[in-house]
Amino acid sequence: MTMLLEAAALAMPRRLDPTDLMVETPGLVCLVGPNGSGKTSLLHALAGIGSPLGSVRIDGKDARRAGPAERRRLFAYLPANRDIAWPLTVRDVAGLGLGDYARAVDEALTTLELSAFADRRVDRLSTGERSRVLLARALAARPKLLLLDEPIANLDPLWQLRLMDILKAEAASGRAAIVALHDLDLAARYADRLIVMKNGQIIADGHPRALVAGPVIPAVFGIEHSEAGWSPAPHRTA
Amino acid sequence: MSNRVAVLLGAAVLFLFALSVLAPWSVIRDLLQQDRDLGWAVIRELRLPRALLALVYGAMLGAAGAAIQALFANPLASPDLTGTTSGAALGAVVTAYILGFASPVALSIGAVGGALAALLLLIALAGPRAETATLLLSGLAISALAGALTTLALALAPSPFAFYDAYDWLMGSLVDRSLAQAAFAGVPALLTVLLLLRLGGPLDLLTLGEDVVQSLGHDLRRLRIAIVALTAIGVGACVAICGAIGFVGLVAPIFARRISRGHPGGAILPAAMIGGGLLLAADLVTRAAPLGRILPIGVVTALLGAPFFLWLVAHMRWSLSR
C-alpha cells in the first residue's frame, strides 16, 4: 500500500465543506450520496475545477501547480456531462489533449471494444457508446489517479459490470480510482472503500459491505434494504 | 492538417496573391516595358498594399472566426454575426465623426474599442457557451444597435463629402490604401493570427467541455479574455483601414474544420489560409466584374456569403431534425 493522494482542507464555497482525503494504491474508492450531496464538487475540487480551496498532492507532486503534461500523468477527470461539441472521430476524441499517447489510445479503444468505431464520428454514436469513448480517453494516458463522475450512467448492464471490472483491474495495477456512483449494489460489490456524502460533507468512510449493511446509507438516502432489494423507507429520515 | 494539404493550400494562396499583384499580366508587362519606374510604382503603391490587405484581413477574419466558433462551441459564431464587425465600424465612424478620417491611429483605437464593446456585450447577453438561437439573437441585436447608431452618425454627417467618405468606407474597400496603411492593419492582424494559433490546444480540448480544460490546468478565464481581446484588436485594426467585410470569418472556419478533421483549435491555421485566399479571390472578382466600375469588396463577400449562410442554417436544421 502506497499513499497516492493527500488532499487537505479541500473546499468550495456553498458546495463542499473543508474536507481532508487520503487515498492509497491500489484502491477503488466509490463516492455515494443523494443528488446535490457534493460528489461532483469533491471530484471538481480534486481535479482543480472552479477555483477550489485547499491542497492536493498526487504521487508526491503538488497537482495544483502541475502543468498539462504532468497533470495528464497524475490524473484524468471524466465529467458527468457526455456532450462532445464538435463531430470528431472516436479515435480523435479518445486522444484529445493527450499528446504522444497515440498507441495508448488504440489500446484503450480495444479495452472498451471501440476499435471497430475508431474512424466513426462521435455524433453518430449512442450516448452509451459516447460514454465509452470518453472513458477510453480517461484511461488512455494511464494516469495514477482516475476521477470519474458517474462513469456507468448510460451504460447497459453488461457494460456497467465490464467497466467496474476494468476499473478494478486498473486499481489492481498500482493505481487508484475515485468514482461517483448511484448504484449501491455495484459500489458494495466492487469498491475497496466507500465514501458517503451528504450536504457537502463526508459523513461516512469505510468498508463498503459494512457501510451498505449499516444504518448510515438507509438514513442518508431515506431507503431501506429487504430481500427484494432497496425500497423507499416508509418514514423518510433523510 | 497534413503537410500535403498545408502545401496545397499555401500554393493556392500564393497563386491568388501573385494574381492579385500581377494580373492582368499583359498590362503590367507593357507598363514595365514602357516605363519601368511607373510599372514598379503601380505594383508597389497600388497592387501590393491591396493584395497584402486582402491576405492579412482575410487571414485574420478566418483565424478569429475559427477561434470564436471554438470558444462558443458554435459553427455560426463569427466576427460579423456576433456584432464585432458592426461594433468596430461604429467605433471607427464615431471617431471619424469627431476627428475625421485622416488619423488612422485614432480610427484604429476607435474601431478596436467598438469591437471590444460589442464582444463583451455579447458575452454578457448570451453567456460564454450560448445556444445557437441565443447567440444569433444577441449578435443580431448588437449588430442592429451598432448599425442604427452608425446610420445616425451618417445622417448627422457635417457635409455630403463626409457622408460619402464614411459610406464608401463602410462598404469595405481595399482600393487606394498605402503600404503604410497596409502595415497599420496588417501588423495587428498578423499578431492576432499568430497569438490565436498558440491557443489551438486548449480550444481543441474545449470540445469536451470547460471542466476538462480546467482539469488540465488551463485558465479558462484567461483563454476567453485572450480570444476576445485578440479578435477585437485584429477586427478593429482591419475595419479601421478597410471598412467592414463580412462572411469570411463565418465561411473559412467551416471549410477549415474539414481539413482539421473537425478539430476546432486545429482549424485556426487552415481557416487563416482559406480566409486570406477567399478575400484575395473576392478582390479579384471586384476587379473582373463587367460593370464598368470596381465593386465594393464587402458587397461581393456578402453576395457570396449570404447564400452560404442560408445553406448552413438549412443544413443545421436538417441535421437536428434527423
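**View 1. The largest cavity has a volume of about 110 Å³.** A cavity is a set of points on a 1 Å grid over the protein atoms alone where a 1.4 Å probe fits but cannot get out; lining residues have an atom within 4 Å of a point. Points are joined across faces, edges and corners, and a volume is the space filled by probe spheres set on them. This is a predicted model: local features need pLDDT of at least 70, side-chain atom pairs need pLDDT 80 or more, and totals for chains, interfaces and linings use all residues. Residues are numbered from 1 along each chain as its sequence is written, chains are lettered from A and ligands numbered from 1 in the order written, and side-chain values use heavy atoms, without hydrogens or water.

The search of the whole structure finds two cavities of 30 Å³ or more. Two or more lining residues come from each of α2 (68–74), β6 (75–78) and α5 (127–140) of chain A. Helices (H or I, at least four residues) and strands (E, at least two) are DSSP runs, numbered from the N terminus. β6(A) gives the most, with three residues. The lining divides into eight nonpolar, one polar and three charged residues. Here Ala, Val, Leu, Ile, Met, Phe, Trp, Tyr, Cys and Pro count as nonpolar, Asp, Glu, Lys and Arg as charged, and the others, Gly among them, as polar.

**View 2. The second largest cavity has a volume of about 50 Å³.** Its lining holds Tyr77(A), Leu78(A), Pro79(A), Leu134(A), Arg137(A) and Ala138(A), along with Leu208(B) and Val212(B). β6 and α5 of chain A each give two or more residues. α5(A) gives the most, with three. Seven lining residues are nonpolar, none is polar and one is charged.

**View 3. The second largest pocket holds about 590 Å³ of space.** A pocket is an open set of grid points with protein on both sides within 12 Å along at least five of seven lines. Its lining has 25 residues; Asp80(B), Thr85(B), Ser86(B), Ala244(B) and Gly246(B) lie nearest the centre. In chain B, α4 (84–99), α6 (132–155), α7 (160–170) and α14 (297–321) each give two or more residues. α6(B) gives the most, with nine. The lining splits into 15 nonpolar, nine polar and one charged residue.

**View 4. Cys238(B) and Cys242(B) are in no disulfide, their sulfurs 6.2 Å apart.** Each is the other's nearest cysteine by sulfur position. A disulfide is a pair of cysteine sulfur atoms within 2.5 Å. The structure holds zero disulfides over all chains. Cys238(B) is buried at 1% relative accessible area, and Cys242(B) is buried at 0%. Buried means under 20%, exposed over 50%, and partly exposed in between (1.4 Å probe, protein chains only).

**View 5. Ser260(B) sits in the loop between α12 (248–259) and α13 (268–288) of chain B.** Ser260(B) is buried, at 6% relative accessibility. A polar atom of its side chain lies 2.8 Å from the backbone oxygen of His263(B). Ser260(B) also touches Gly266(B) and Ala267(B), leaving out residues up to four places away in sequence. Contact means heavy atoms within 4.5 Å.

**View 6. Helix α1 (residues 39–47) of chain A is largely enclosed by the rest of the structure.** Eight of its nine residues are buried. They are Lys39(A), Ser41(A), Leu42(A), Leu43(A), His44(A), Ala45(A), Leu46(A) and Ala47(A). Just after α1(A), Gly48(A) has a positive phi of about 75 degrees.

**View 7. Thr25(A) and Pro26(A) are joined by a cis peptide bond.** Omega is about -15 degrees. Pro26(A) lies in the loop between β2 (16–25) and β3 (27–32) of chain A.

**View 8. Glu113(A) and Asn199(A) have positive phi without being glycine.** Phi of Glu113(A) is near 55 degrees. Glu113(A) is in the loop between α4 (102–111) and α5 of chain A, partly exposed at 46% relative accessible area. Phi of Asn199(A) is about 50 degrees. Asn199(A) is in the loop between β9 (193–198) and β10 (201–206) of chain A, exposed at 59%.

Terms used: Polar contact = N/O pair within 3.5 Å; in protein donor to acceptor, adjacent residues only side chain to side chain.
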